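Please read it beside the sequence and structure shown here.

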Amino acid sequence: MSLFLVDKISAYFSKGNERSVAVKKNIAGSLLLKCISILVSLQVVPLTIGYINPTKYGIWLTLSSIISWLSYFDLGFAHGFRNCFAEAKAKGDIKLAREYVSTTYAVLFLFFSVVLLVALSVNHFLNWSAILNIDASYNEELNKVFGLLACFFCLNIVASVFTTMLTADQKPALTSLVQTSGQVLAFVCIYVLTKTTSGSLGALAVAFSGVPCLLLVMVSLIVFHGKKYRNVAPALRCVRFSLTKNILGLGGQFFVIMISMLFIFQFTNIILSRVQGPEAVTQYNIVYKYFNVLNMVVNIILTPFWSAFTDAYTKKDYVWMRNVLGKLERLWLFCILVLIVMVQCSNFLYKFWIGDSVIVPLSLSVCMAIYVLCQTGGNLYMFLINGTSKVRLQLIIYMLFALIAIPLMNYCCKHYGIKGVLIVPAIVFALQACVGRMQILKMINGTAKGLWLK
């Protein structure tokens, strides 16, 4: 029986065209690695709260989310590079692919060197206690932590060209391997910190951000010197700044989308901290981390299809695209059942996970489940459309909501509590799902015209 099962599994992963086989293998590998990643990320929460305290943990989450904003200022280069590299590989133009790698490294290094200098300069004048509405005694410590996080984050943005290239080459499982290894090392460092030092946000910054970043740099150097990726390894002689226009042509649209998403999704922790207090940030993020497990699993499945759709759309393989869309939509319907079970088990799992240090109401879990359902639905269609580079419609939707997101989320948070900050993001994802489905069907069926093809 076991031999029969092995044969069936082997047949499944070898059945289909080359693109489908690559997708299935990457999904399986990524799922295995993500299981490890999820276990580590869940265990890190009580470990970190125990190392500092719930209030400081809320401050840490808020400061980390602010630092993550820097990623939105890459001018859409990562996404633009991803599609350009995938298209070059699909056409067999390895020379052009290497030039895209080299140019992207060069441009991001120059740009984020400036971003880092500006961030460090501005940091000297920021009053973090006033910004986050917390005790003034935290201000000096937070200035140092912000500086550390900014340095590691900017270095990580440049180094992440390597993992973006792996994903564009339809090898997201390798990307997951690097990222999961970084998480595991960070977890080990935090565990050591709990045994050897008192609670320090600075030490936490080095463990969380510095260790994974340095690992990424080392791995990329090793792999680029290996046989498989030596032909696309970055080199100064291959830098062509004229290609920046190609990357930014698409990347510019992704940049506007990312900036709009910043206003819609990334101000949550600040709004909660100012309106409800740092403890509310901790409460919200515990619920989010729990339900985000499903979103992470869905994204693992969707990620290989981004570049696979780039390949299929370039080669006009609409039959394959149609079959994949149907399977992914059935997967999304299954998510409804999973979320119902997660809500039913939530209180028991919260207590098992973090004990009695933070109390989470059932109503917040229900609202988060609805939000994640909208999020997975929106991502399904956006990932596929992003692979075709026809992103103008989602850009317009994000821009419209970005103009009203912060005041509307602030109003909802004041009147409906923690649950209120989920209303606007959930509406945006639901709308993206509806519009995205219409667009991808029109494209696959050859009826897309005008704005549907931009």
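**Structural briefing**

Both F309 and W320 are buried. The model is a predicted one. The points below begin with aromatic rings and then turn to helix packing, single helices and selected residues.

**Aromatic pairs**

- Twelve aromatic pairs are present in the structure.
- In the pair of F309 and W320, the ring centres are 5.7 Å apart and the planes stand at 55 degrees, so the pair is tilted.
- F309 belongs to helix α13 (residues 278–314) and W320 to helix α14 (residues 318–354), so this pair ties together parts that are eleven residues apart in sequence.
- Y105, F162 and F224 form one aromatic cluster.

**Packing of α8 against α10**

- Two packed helices are described by the angle between their axes and by the distance between the axes.
- Helix α8 (residues 161–168) packs with helix α10 (residues 201–224) at an angle of about 55 degrees, and their axes are 9 Å apart.
- The two helices α8 and α10 are therefore oblique to each other.
- On the α8 side the contact is made by F162, T163 and M165, and on the α10 side by L216, V219, S220, V223 and F224.
- By class, the residues of the contact of α8 with α10 are six nonpolar, two polar and no charged.

**Packing of α7 against α10**

- Helix α7 (residues 139–159) and α10 pack at an angle of about 10 degrees, and their axes are 9 Å apart.
- This angle makes α7 roughly parallel to α10.
- From α7, the residues E141, L142, V145, L148, L149, F152, L155, N156 and A159 meet L201, G202, A205, V206, S209, G210, C213, L216 and V217 of α10.
- The contact of α7 with α10 comprises 13 nonpolar, four polar and one charged residues.

**Packing of α17 against α18**

- Helix α17 (residues 405–416) packs with helix α18 (residues 423–445) at an angle of about 130 degrees, with the axes 8 Å apart.
- That angle makes α17 oblique to α18.
- A405, L408, M409, C412 and Y416 of α17 make the contact with I423, V424 and P425 of α18.
- The residues of the contact of α17 with α18 divide into eight nonpolar, no polar and no charged.

- Helix α4 (residues 77–90) has 14 residues, which at 1.5 Å a residue should span 20 Å; the end C-alpha atoms are 20 Å apart, which agrees.
- Within α4, the buried residues are F77, G80, F81, R82, N83, C84, F85, A86 and A88.
- Just after α4, G92 has a positive phi of about 75 degrees.
- Helix α12 (residues 268–275) is mostly covered, with six of its eight residues buried.
- The buried residues of α12 are T268, N269, I270, I271, L272 and S273.
- G277 follows α12 and has a positive phi, near 105 degrees.

- Most residues other than glycine have a negative phi.
- Q170 has a positive phi, near 60 degrees, and is a residue other than glycine.
- Q170 is placed in the loop between α8 and α9 (172–196).
- Q170 counts as buried because its relative accessibility is 18%, under the 20% cut-off.
- K316 is likewise a residue other than glycine with a positive phi, near 60 degrees.
- K316 is placed in the loop between α13 and α14.
- K316 counts as exposed because its relative accessibility is 58%, over the 50% cut-off.

- V40 lies in helix α2 (residues 18–51).
- With 12% relative accessibility, V40 counts as buried.
- Leaving aside neighbours within four places in sequence, V40 is in contact with Q183, V184 and F187.
- V40 and S365 are 325 residues apart in sequence and, C-alpha to C-alpha, 22 Å apart in space.

Conventions
Residues numbered from 1 in each chain as written. Predicted model: local features only at pLDDT ≥ 70, side-chain atom pairs only at ≥ 80, totals over all residues. Heavy atoms only, no water. Axes fitted to C-alpha atoms, helices over the stretch in contact; angles between N-to-C directions. Helix = DSSP H or I, 4+ residues; strand = E, 2+ residues; numbered from the N terminus. Parallel < 35°, antiparallel > 145°, perpendicular 65-115°, else oblique. Contact = heavy atoms within 4.5 Å. Nonpolar A, V, L, I, M, F, W, Y, C, P; charged D, E, K, R; others polar. Expected span 1.5 Å × (residues − 1). Buried < 20%, exposed > 50% of the residue type's maximum accessible area, 1.4 Å probe, protein only. Phe/Tyr/Trp six-rings, centres within 6.5 Å; stacked < 30°, edge-to-face > 60°.
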